[in-house]
Amino acid sequence: MKVHSFQIRLDQVTLLDRDTREVIIKNVDFDFPMDTHVLVRSEHHHHTNQFLKFIAILCDPDHGSLLFDQRNITEAAYDDLTQTRLKLGYAFDYGGLLSNRSLFDNLLFPLEYHDLLDAETRTTKVKSLFKRFSLEGLENKKPLEVSGKIRKLLCVLRALVYDPQVVILDDPALGLSPEMKEDLVLYIKELMENKTIKQMIFFSQDHFWLQQFQYDELILDEHGVYYQDLHKEKRSA
Amino acid sequence: MLSGVIGTLQLGYISLREVFSPKTFSRTQIQVFLNQIYYTGFQSLSLIFILAFILGNLIVFSFVQQLSAFVQFDLTLPFVRSFVIEELTPFLIGLLVIARSGTAVATEIGNMKVNQEILALESFGVSPIRYLLFPRIFSGILCVLALAFYFVILLFSFGSLSVLTLTHFSILHYLDLVLFSIETREIVFCSLKCGFSGLFIFTIACQEGLNVRSSLHEVPQAATHAVMRSLVVVIGINAVLTLVSILLKESL
């Protein structure tokens, strides 16, 4: 039996920009198609950024509800959402690595905090990621001791390390070296093939990244959202 | 002002009720908690030791010098004891903790906010209240209480040097007057003042840190606000509880 990603639904959602109060979306009803990768775009990048944050349950809508598998997430208590959050992986900008922990501990942290896997397995898993992405020797460095591209890579890897079903990636290729991009795309594709990642909701302007995945497009506008079911054939044409 | 205090109390309450959540006592959480005890409590021990040495000798010496001309030494010491335990210790430890740890906590959380570390924590289901605030506030309260206890013991121990040099008192008689005859009321009011000071100092520091939005220049401002607000609140707590103590004493 095929296991699907969970159904993400917007119910009459209005989302305003936190600073400028501009409308990002207004009274939108939308069902994200299951198991389909979706590129989110809008006229302003900070609108996309906030929309992705909203899908990652990191900010509340100004009106309406976000439903995961018909469950209203907007009204749920923080602790009730832990399991749902662990099904989502969210990576953004360069931010978010814990500056007082080493790079190794940063990757280990979500697994350790939620006691996912046994101690040895999680250490092995993180070690293997360091090896795979040629980061060996940097394990004990603090985030501010390494270059921006390594921090960025670690941010994305941390969103993937606990095997989320849905990954929400805000410009994942930004600042990565071409080799890193290739390695990361390959790793994500592997996770998709073995059905760990079932859906990717993302924003990217990186040509290489966009070429690598099949996706549909969701365009945000203050008057509504526009969904384009793009097929690979069309894109390559 | 009042709404600020209410906001701080609400945040303190939300954070401290995490004590009832089983998730609060995971291995990672306990590690964070122990780190905070180390930074706030353990690292202050040497400073408190020096302060207690200086003040212990200075206070006992001054009181003995000044008051023994008018009253018997036996009557002076209980007064010194009450002043040290009920007034000096809570205020001094409060000031010390504000300067050492309040600023550190506000700066640390402010920097985490700017670096979007708090957002990242939330994204993988780590509650900032449970992971960041609770260990700092709870360990802060415990540390202020423990440091006060440590300070009192050291201060009177060092004070004995002055007493033994200046008077013909036996050490046992001195200890009997200052340490072994401490009244319950003195302990209760010292603990209340220290406990509330700890609660407010660390909650205010966390609150100011969380109020930082997106710019690094807000971080030192948050630290300054935390110090000023904590100072006012600690003075207020000490004043109110001293008043309550006096009223209680008069009514009995």
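## Basis

The model is predicted, so local features need pLDDT of at least 70 and side-chain atom pairs count only at pLDDT 80 or more, while totals for chains, interfaces and linings use all residues. Residues are numbered from 1 along each chain as its sequence is written, chains are lettered from A in the order in which they are written, and side-chain values use heavy atoms, with hydrogens and water left out.

## The interface

Chain A brings 27 residues to the contact and chain B brings 22 residues, where contact means heavy atoms within 4.5 Å. About 2100 Å² is buried between chain A and chain B, and carbon and sulfur atoms give 50% of this area. Buried area is the accessible area (1.4 Å probe) that two parts lose on being put together, summed over both. Of the area that chain A buries against chain B, 28% is supplied by Leu58(A), Tyr78(A) and Tyr113(A), more than by any other three residues.

There are three salt bridges between the chains, each a side-chain nitrogen of Lys or Arg within 4 Å of a carboxyl oxygen of Asp or Glu. Arg130(B) forms a salt bridge with Asp79(A), with the closest N and O atoms 2.6 Å apart.

## The largest pocket

The largest pocket holds about 1100 Å³ of space. Its lining has 31 residues, and Arg18(A), Lys53(A), Leu58(A), Cys59(A) and Leu119(B) are the closest to its centre. On a 1 Å grid over the protein atoms alone, a pocket is an open set of points where a 1.4 Å probe fits, with protein on both sides within 12 Å along at least five of seven lines; lining residues have an atom within 4 Å of a point. A volume is the space filled by probe spheres set on the points, which are joined across faces, edges and corners.

H1(A) gives the largest share of this lining, five residues. Helices are DSSP runs (H or I, at least four residues), numbered from the N terminus. By class, the lining has 15 nonpolar, six polar and 10 charged residues. Ala, Val, Leu, Ile, Met, Phe, Trp, Tyr, Cys and Pro count as nonpolar, Asp, Glu, Lys and Arg as charged, and the others, Gly among them, as polar.

## The second largest pocket

The second largest pocket has a volume of about 440 Å³. Among its 21 lining residues, Asn100(A), Asn35(B), Gln36(B), Tyr39(B) and Glu108(B) lie nearest its centre. This lining divides into eight nonpolar, seven polar and six charged residues.

Terms used:
Helices (H or I, at least four residues) and strands (E, at least two) are DSSP runs, numbered from the N terminus.
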